Amino acid sequence: MRRQVAPHFMITKINVTPIIDVALVLVIILLVTAPLMSVADLPVDLPQARTREAEDERNVSITLSSTGRLAVDDKMISSEDLGAYLRSKLSMHENQNVLVVVRADSGAPYEAVRHLLSQAKAAGASRLAIATRQKTESTR
Amino acid sequence: MRRYTRGKRVPEGIHDVNMTPLIDVSLVLVVILMITTPMAFQSGIQIRNAATSGRSAAEKVRTERIEITVVSADSVIVNRNLILRSGLSGMLRPLLALSATKTVVVRCNDKVPHGSFVSVLDEAKSCGAAQIAVIGG
């Protein structure tokens, strides 16, 4: 006689695994895009460099665009207010010993970058870096 | 999978095409693309101590000090020798090999484009400089 399948072997619950799976992927997407949102949307052609360091780290970025406009993280700022704003930003408890990254356009004169570096230094930045774009094999 | 009970076909409960794995895989591909291409565009060169410690680095013993002045996009001065920009790595490599601290002090003319300045920093790094100090910041 053929054995019948007992009804309690049937899976009657809703399978939540795919939902959790997709939700986790969405969380990863948000985690990846969150640092991108913290940079101002200004046209900046970063200088290319082969070496790389000082990345994947929380930082305060100062952006100097090709048009000469300034931004600290995602906030647009005038050059007169930069020093005061940076000082208040770097005095925050969570920004102690934070890396300050200068994202300047490759065509900007060094004088402007030097000015930004000295202002960051005066505002209390202890660690400074210059943002670059990774040079790939084809662009060498 | 179809089940048979006493020879009769039992219809399954879910008839729709399961889209979840497709969405899942495409989202994973999106994440991979996001990480590999656009996120790789920004890296950085760390200046250990831009202004003040640049000066302190400049005060180090002269034999250990490698000083680069970027005069223009095409010419640099390495330890008081004016050379072409293209010859920088050839000059820096032996100097850095002899240096104990491997510290390079960089000065730059105000009119030089930022891109040229960074390319000098990059070349110093790739030649083996452990620490870069910028004077005049």
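In what order do the elements of chain A run from the N terminus on? They run α-β-β-β-β-α-β-α-β.

## The model and its chains

This is a predicted model: local features need pLDDT of at least 70, side-chain atom pairs count only at pLDDT 80 or more, and totals for chains, interfaces and linings use all residues. Residues are numbered from 1 along each chain as its sequence is written, while chains are lettered from A and ligands numbered from 1 in the order in which they are written.

Chain A has three helices and six strands. Here helices (H or I, at least four residues) and strands (E, at least two) are DSSP runs, numbered from the N terminus. Chain B has four helices and eight strands. Its pattern along the sequence is β-β-α-β-α-β-β-β-α-β-α-β.

## Burial and contacts

A residue is buried if 20 or more other C-beta atoms, placed from the backbone, lie within 10 Å of its own. In chain A, 24% of the 140 residues are buried. In chain B, 30% of the 137 residues are buried.

Two residues are in contact if their C-beta atoms, placed from the backbone, lie within 7 Å. Take the contacts with a separation of 6 or more. Residues 24 or more positions apart account for 71% of them in chain A and 72% in chain B.

## Helix α3 of chain A

The 13 residues of α3(A) should span 18 Å at 1.5 Å a residue, and the end C-alpha atoms are 18 Å apart, which agrees. The expected span is 1.5 Å times one less than the number of residues.

Which residues of α3(A) are buried? They are A:Y110, A:V113, A:R114, A:L116, A:L117, A:A120 and A:K121. These cover an arc of only 160 degrees around the axis, so they sit on the same side of α3(A). The arc is that of the directions from the helix axis to the C-beta atoms. Just after α3(A), A:G124 takes a positive phi of about 110 degrees.

## Where the chains meet

40 residues of chain A are in contact with 41 residues of chain B. On the chain A side, the elements that give two or more residues are α1 (17-37), β5 (99-104), α3 (110-122) and β6 (127-134).

## The largest nonpolar core

A nonpolar core is a set of buried Ala, Val, Leu, Ile, Met, Phe, Trp, Tyr and Cys residues joined through C-beta atoms within 7 Å. The largest one has 47 residues. Among those touching the most other members are A:V102, A:A120 and B:V106. Leaving aside neighbours within four places in sequence, B:V106 is in contact with B:I68, B:V70, B:V120, B:L121, B:I132 and B:V134.

Notes
A residue is buried if 20 or more other C-beta atoms lie within 10 Å of its own, exposed if 12 or fewer, and partly exposed in between; C-beta atoms are placed from the backbone.
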